Amino acid sequence: MLSARNLTCMRDNRTLFSGLSFTVSAGEIVQIEGANGAGKTSLLRILAGLSRADRGEVLWQQQSIYQQREVYHASLLYLGHQPGVKAILTPLENLSFYHGDCPQALLLQALEQVELTGYEDVPAAQLSAGQQRRVALARLWLTRAPLWILDEPLTAIDRTGVEALMAQFTRHTAEGGAVVLTTHQPLPSGMQRVGTVRLAAPEYN
């Protein structure tokens with residue numbers, strides 16, 4: 001589904017990674033590993049088309065993502081390290097903003113999946129960091145995008161929430177989707193088709 005070919009990323013006087021190549025197939029979860037500052041978030045942003053690599057290319061279905069921007073973005077759900085929710089909107093309104101074609105019953109069901117029942121009409125600004133994170137993650141129960149790129153989705157999530165997310169990853173990949181993520185928490189050993197891309201410490205030029 002997704003291919004990274006000879007990616008090089010430089011920031012200031014550092015080479016974060018160079019000549020990086022890997023593929024992400026349907027039904028696969030790929031975990032990006034590396035120390036702080038190794039370029040994990042930079043790599044995810046490049047894969048999502050939000051930043052450009054200094055060298056190399058990213059392909060979706062064997063074609064450059066920049067030659068098919070609309071098609072690629074319609075096939076992608078990217079959740080960055082920040083929750084990305086609008087503070088003045090409620091959780092229900094936030095989900096409706098992104099998924100306006102979904103019936104309200106499905107929006108409420110998604111919030112239930114992330115344990116936000118009872119908070120549907122509370123402005124996001126009044127929610128904790130973990131609750132705001134869960135508002136964003138509720139989109140995983142609503143999106144039709146086959147490719148999920150997730151930056152630290154397990155941050156500020158309790159054990160029950162982690163288990164629910166893992167079950168959702170498993171369901172998504174079983175249906176032919178793919179997940180690329182960073183996380184400081186180890187993925188369960190029983191999960192199927194889990195690959196790893198390890199980033200080395202950055203080089204200073």
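In this predicted model, T183 lies in the loop that joins β8 to β9. With a relative accessibility of 9%, T183 counts as buried, because the cut-off for that class is under 20%. Once neighbours within four places in sequence are set aside, the contacts of T183 are Q31, E152 and L154.

G49 is found between α1 and β4, and its relative accessible area of 16% places it among the buried residues. Not counting residues up to four places away in sequence, G49 touches I65 and Y66. The C-alpha atoms of G49 and Y78 are 9.9 Å apart in space, although the two residues are separated by 29 positions in sequence.

| Loop residue | Loop | Relative accessible area |
|---|---|---|
| T183 | between β8 and β9 | 9% |
| G49 | between α1 and β4 | 16% |

Strands β8 and β9 both belong to an open sheet of five strands, which runs in the order β6-β7-β8-β3-β9 with parallel pairing. Its edges are formed by β6 (76–79) and β9 (194–198), each of which pairs on one side only. On average, and with direction ignored, neighbouring strands of this sheet are turned by 15 degrees against each other. Strand β3, covering residues 29–33, pairs with β9 in the parallel sense over five bridges, and within that pairing E33 has R198 of β9 as its bridge partner. Helix α1 (residues 40–47) packs on the sheet, where it touches β3, β6, β7 (147–151) and β8 (178–182), and its direction makes about 155 degrees with that of β7.

**Helix α6**

Helix α6 comprises 16 residues, 159–174, and spans 23 Å from its first C-alpha to its last, close to the 22 Å expected at 1.5 Å a residue. Its buried residues are G161, V162, L165, M166, Q168, F169, H172 and T173. They lie on the same side of α6 because they cover an arc of only 160 degrees around the axis. In general, an α-helix has 3.6 residues a turn, so residues three or four places apart point the same way. The elements that cover the buried residues of α6 include β3, α5 (129–137), β7 and β8, whereas the face turned away from the buried side carries the exposed residues R159 and A174. Just after α6, G176 adopts a positive phi of about 95 degrees.

**The nonpolar cores**

Which residues touch the most other members of the largest nonpolar core? Of its 28 residues, these are L7, F17, L43, L47, L147 and I149. At least two residues of this core are supplied by each of β1 (2–11), β2 (14–24), β3, α1, β4 (55–60), β7 and β8, and the largest share, five residues, comes from β2. Apart from this core lies another, of 17 residues, among them L79, L165, M166 and L187; of these, L165 and M166 are also listed among the buried residues of α6.

I149, one of the residues with the most partners in the largest core, touches L44, L47, A48, Y72, L76, L77, Y78, L79 and V180 when residues up to four places away in sequence are not counted.

Methods. Residues are numbered from 1 along each chain as its sequence is written. This is a predicted model: local features need pLDDT of at least 70, side-chain atom pairs count only at pLDDT 80 or more; totals for chains, interfaces and linings use all residues. Side-chain values use heavy atoms; hydrogens and water are left out. Two strands pair if DSSP finds at least two bridges between them. Helices (H or I, at least four residues) and strands (E, at least two) are DSSP runs, numbered from the N terminus. Axes are lines fitted to C-alpha atoms, for helices over the stretch in contact, and angles run from 0 to 180 degrees between N-to-C directions. Contact means heavy atoms within 4.5 Å. The expected span of a helix is 1.5 Å times one less than its number of residues. Buried means under 20% relative accessible area, exposed over 50%, partly exposed in between (1.4 Å probe, protein chains only). The arc is that of the directions from the helix axis to the C-beta atoms. A nonpolar core is a set of buried Ala, Val, Leu, Ile, Met, Phe, Trp, Tyr and Cys residues joined through side-chain atoms within 4.5 Å.
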